[in-house]
Amino acid sequence: MRIGEVADKAGVSVRALRYYEEQDLLQARRSPGGQRHYPDTAVSRVRLIQQLYAAGLSSRVVRQVLPCVDSGEASPALLEQLVAERVRIDERITDLLAVRDRLDDVIAITRNPGSDCCHVR
């Protein structure tokens, strides 16, 4: 697959794909003319990279995780780091749920300002 096709299917920019290559997160072979060609698995790999970034993992951690995804194996040190990342993500989810609840309260109050609805926590 060419770079534009991968970008379109994965919903990212061509620039993002080039960055992933620079960070050794994604590999492409080059044609004799220098064009990038990605394997069919590139779209799912890019989506995984995006999810890991969205969860707050750094490029360094993502670079360490990707081989584990492929092999199903991780060193004890990396496994410990992944557990810590998961705990951090769980804490972030808890915080986000609390913010959502507060927004629900604000929405309810502003939609019905004359009511006794007030769930200030």
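Modeller: The protein chain has a radius of gyration of 21 Å, whereas a compact globule of 121 residues would have one near 14 Å; the radius is taken over C-alpha atoms, and the globule rule is 2.2 Å times the number of residues to the power 0.38. Along the principal axes, the C-alpha atoms fill a box of roughly 70 × 35 × 20 Å. This is a predicted model, in which local features need pLDDT of at least 70 and side-chain atom pairs count only at pLDDT 80 or more, while totals for chains, interfaces and linings use all residues. Residues are numbered from 1 along each chain as its sequence is written, and side-chain values use heavy atoms, with hydrogens and water left out.

The protein chain holds five helices and two strands, where helices (H or I, at least four residues) and strands (E, at least two) are DSSP runs numbered from the N terminus. Their order from the N terminus is α-α-β-β-α-α-α. Of the contacts in the protein chain with a separation of 6 or more, 45% are between residues 24 or more positions apart, a contact being heavy atoms within 4.5 Å.

The part you asked about is helix α4, which covers residues 59–71. Its 13 residues should span 18 Å at 1.5 Å a residue, and the end C-alpha atoms are 19 Å apart, which agrees; the expected span is 1.5 Å times one less than the number of residues. Which residues of α4 are buried? They are Ser59, Val61, Val62, Val65, Leu66 and Cys68. An α-helix has 3.6 residues a turn, so residues three or four places apart point the same way. The buried residues of α4 pack against α2 (14–22), α3 (42–54) and α5 (76–111). Just after α4, glycine 72 takes a positive phi of about 80 degrees.

The neighbour α5 has 36 residues and reaches 52 Å from its first C-alpha to its last, close to the 52 Å expected at 1.5 Å a residue. Leu78, Glu85 and Asp105 are buried in α5, and α4 is included in what covers the buried residues of that helix. Proline 76 also lies in helix α5, but proline 76 is exposed, with a relative accessible area of 68%. The C-alpha atoms of proline 76 and glutamate 21 are 55 residues apart along the chain and separated by 27 Å.

Aspartate 24 sits in the loop between α2 and β1 (29–30), has a positive phi of about 60 degrees although it is not a glycine, and is exposed, with a relative accessible area of 52%. Threonine 41, in the loop between β2 (36–37) and α3, is exposed as well, with a relative accessible area of 53%. Threonine 41 and methionine 1 are 40 residues apart in sequence, yet their C-alpha atoms are 9.6 Å apart in space.

Methods. Buried < 20%, exposed > 50% of the residue type's maximum accessible area, 1.4 Å probe, protein only.
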